[in-house]
Amino acid sequence: QVQLVESGGGLVQAGGSLRLSCAASGRPVSSYAMGWFRQAPGKEREFVASINWSGGRTSYVDSVKGRFTISRDNAKNTVYLQMNSLKPEDTAVYYCAADRDFNRILVAQYWGQGTQVTVSS
């Protein structure tokens with residue numbers, strides 16, 4: 001089993017930055033693909049970004065390209081999401097996910113509980 005705990009959310013003004021962290025426990029996730037998703041009120045959960053086990057392959061939803069960066073530190077069993085130039089439409093609960101298969105991250109096996117990000121205009 002893998003447990004995922006997100007942190008780093010909060011309230012920020014438009015144009016500001018936040019860095020989310022997702023700490024994994026239970027087993028090393030160095031061989032797992034990791035991803036970030038978000039769900040805004042009244043909307044379905046959407047994919048934000050993913051990263052393969054080595055960090056050499058990443059993927060982003062178009063709406064965050066150039067503003068968000070996903071990274072990982074396998075020694076710390078942690079994945080990050082650096083969010084810059086935040087917009088009110090980025091407001092959502094952000095979830096971390098993990099799966100052994102990068103191509104299955106949308107239906108990842110493990111999920112965190114989420115952290116709230118609120119961007120004020």
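Mentor: A residue is called buried when its relative accessible area is under 20%, exposed when it is over 50%, and partly exposed in between, using a 1.4 Å probe and protein chains only. The model is predicted, so local features need pLDDT of at least 70 and side-chain atom pairs count only at pLDDT 80 or more, while totals for chains, interfaces and linings use all residues. Residues are numbered from 1 along each chain as its sequence is written, and side-chain values use heavy atoms, with hydrogens and water left out.

Let us begin with serine 54. Because its relative accessibility is 42%, serine 54 counts as partly exposed. Serine 54 belongs to the loop between strand E5 (46-51) and strand E6 (58-60); strands (E, at least two residues) and helices (H or I, at least four) are DSSP runs numbered from the N terminus. A polar atom of the serine 54 side chain lies 3.1 Å from the backbone nitrogen of glycine 56. This is a polar contact, meaning a pair of N or O atoms within 3.5 Å; within protein, one must be able to donate a hydrogen and the other to accept it, and residues adjacent in sequence count only if both atoms are side-chain atoms. Serine 71 is 17 residues away along the chain, and its C-alpha atom is separated from that of serine 54 by 9.7 Å.

A nonpolar core is a set of buried Ala, Val, Leu, Ile, Met, Phe, Trp, Tyr and Cys residues joined through side-chain atoms within 4.5 Å. The largest such core has 30 residues, of which Leu4, Met34, Trp36, Leu81, Met83 and Tyr94 touch the most other members. Among the elements that give two or more residues to this core are E5 and strand E7 (68-73). Leucine 81 is in contact (heavy atoms within 4.5 Å) with residues that include Trp36, Val48, Ala49, Ile70 and Tyr94, leaving aside those up to four places away in sequence. A second, separate core has seven residues, including Phe47 and Ala97.

Finally, there is one disulfide, a pair of cysteine sulfur atoms within 2.5 Å. The bond joins cysteine 22 to cysteine 96, with an S to S distance of 2.1 Å. Cysteine 22 lies in strand E3 and cysteine 96 in strand E9, so the pair ties together parts that are 74 residues apart in sequence. Both cysteine 22 and cysteine 96 are buried. The torsion about their S-S bond is about -80°, so the disulfide is left-handed.
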